[in-house]
Amino acid sequence: MSNITLILLGAGSSTRFGTNVKKQWLITGELPLWLHVAEHFEKSAHFDEIILVSSPSDIHYMKNFASYTFVTGGDSRQASLSHALTHVTSEYVLVSDIARCCVPRDMIQRILAAKTEGACIVPVLPVTDTLYHSKQPLDREEVKIIQTPQLSVTKILKKALETQTLFTDDSSAIAALGKKIHFVEGSTKAHKLTTREDLEKLSCLQAPSPKTLTGFGIDIHPFREGKTNVSLWRTYRCRLWI
């Protein structure tokens with residue numbers, strides 16, 4: 001037992017992505033993006049349970065692909081996470097976003113290896129550009145870019161989210177309780193997919209497979225009163241390009 005549960009958040013509507021297809025359902029190779037991300041984490045470390053958070057309309061289809069635990073999301077990231085946490089009984093919980101689809105395995109291992117170093121383990125990147133806030137330059141050595149996944153002590157994260165204040169990530173909520181945040185090295189490869197332009201920065205993604213799949217289905221109709229007792233059935237041939 002690793003005593004760690006993985007939560008992958010993907011209940012968003014992908015409005016900033018700007019296409020008719022949610023980014024969760026983009027195809028990389030032969031897999032939808034959400035499944036590609038889940039399988040990558042599953043191969044990178046052992047988890048007691050993997051929880052996928054998605055919209056009600058997507059969960060029905062996702063269950064046809066895998067046997068993970070599926071949870072319906074809320075109106076915000078924080079609400080979705082709170083829903084998922086009701087299913088978590090392990091001591092630690094690793095939370096990431098399906099949109100963070102190219103997290104390197106060594107980055108995941110760095111986060112997990114530091115699990116006893118704080119209430120929340122956070123991957124970060126240094127800032128290399130000059131920053132201004134309210135027309136005043138900032139000391140970029142004091143500023144960090146925060147990434148996911150983030151590993152938290154489950155009971156502390158649950159308590160941190162018992163508030164009406166909305167936080168943009170787990171570490172912010174836990175820091176508000178005055179708990180220790182521990183930083184580890186992140187990765188530029190773990191770029192978040194937000195807009196179509198971000199696809200150029202995600203080298204782990206593949207073009208959709210050119211394979212064509214063919215299948216057959218049977219459509220059976222019930223008998224009607226007064227109709228000749230003949231079994232009515234039709235066979236359909238369907239083709240799916242992936």
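1. Ground rules. The model is predicted, so local features need pLDDT of at least 70 and side-chain atom pairs count only at pLDDT 80 or more, while totals for chains, interfaces and linings use all residues. Residues are numbered from 1 along each chain as its sequence is written, and side-chain values use heavy atoms, with hydrogens and water left out.

2. The disulfide. The structure holds one disulfide (a pair of cysteine sulfur atoms within 2.5 Å). Cys 102 and Cys 204 form it, with an S to S distance of 1.9 Å. The torsion about their S-S bond is about -75 degrees, so the disulfide is left-handed.

3. What it ties together. Cys 102 lies in the loop between strand 6 (92-97) and helix 4 (105-113). Cys 204 lies in the loop between strand 12 (181-185) and strand 13 (212-220). The pair therefore ties together parts that are 102 residues apart in sequence. Helices (H or I, at least four residues) and strands (E, at least two) are DSSP runs, numbered from the N terminus.

4. Cys 102 is buried at 8% relative accessibility, whereas Cys 204 is partly exposed at 28%. Buried means under 20% relative accessible area, exposed over 50%, and partly exposed in between (1.4 Å probe, protein chains only). Cys 101 is in no disulfide; its nearest cysteine sulfur, that of Cys 102, is 4.3 Å away. Cys 101 is buried at 3%. Cys 120 is buried too, at 0%.

5. Thr 148. This residue sits in the loop between strand 10 (144-146) and strand 11 (150-153). Thr 148 is buried, at 5% relative accessible area. Its side chain makes a polar contact of 3.0 Å with that of Asp 97 and one of 3.2 Å with that of Arg 100. A polar contact is a pair of N or O atoms within 3.5 Å; within protein, one must be able to donate a hydrogen and the other to accept it, and residues adjacent in sequence count only if both atoms are side-chain atoms. Leaving out residues up to four places away in sequence, Thr 148 also touches others, including Arg 77, Val 95, Met 107 and Pro 123. Contact means heavy atoms within 4.5 Å.

6. Helix 4. Its buried residues are Met 107, Ile 108, Ile 111 and Leu 112. Seen down the helix axis, they fall within an arc of 135 degrees, so they line one face of helix 4. The arc is that of the directions from the helix axis to the C-beta atoms. Their cover includes strand 1 (4-9), helix 1 (33-44) and strand 7 (120-126).
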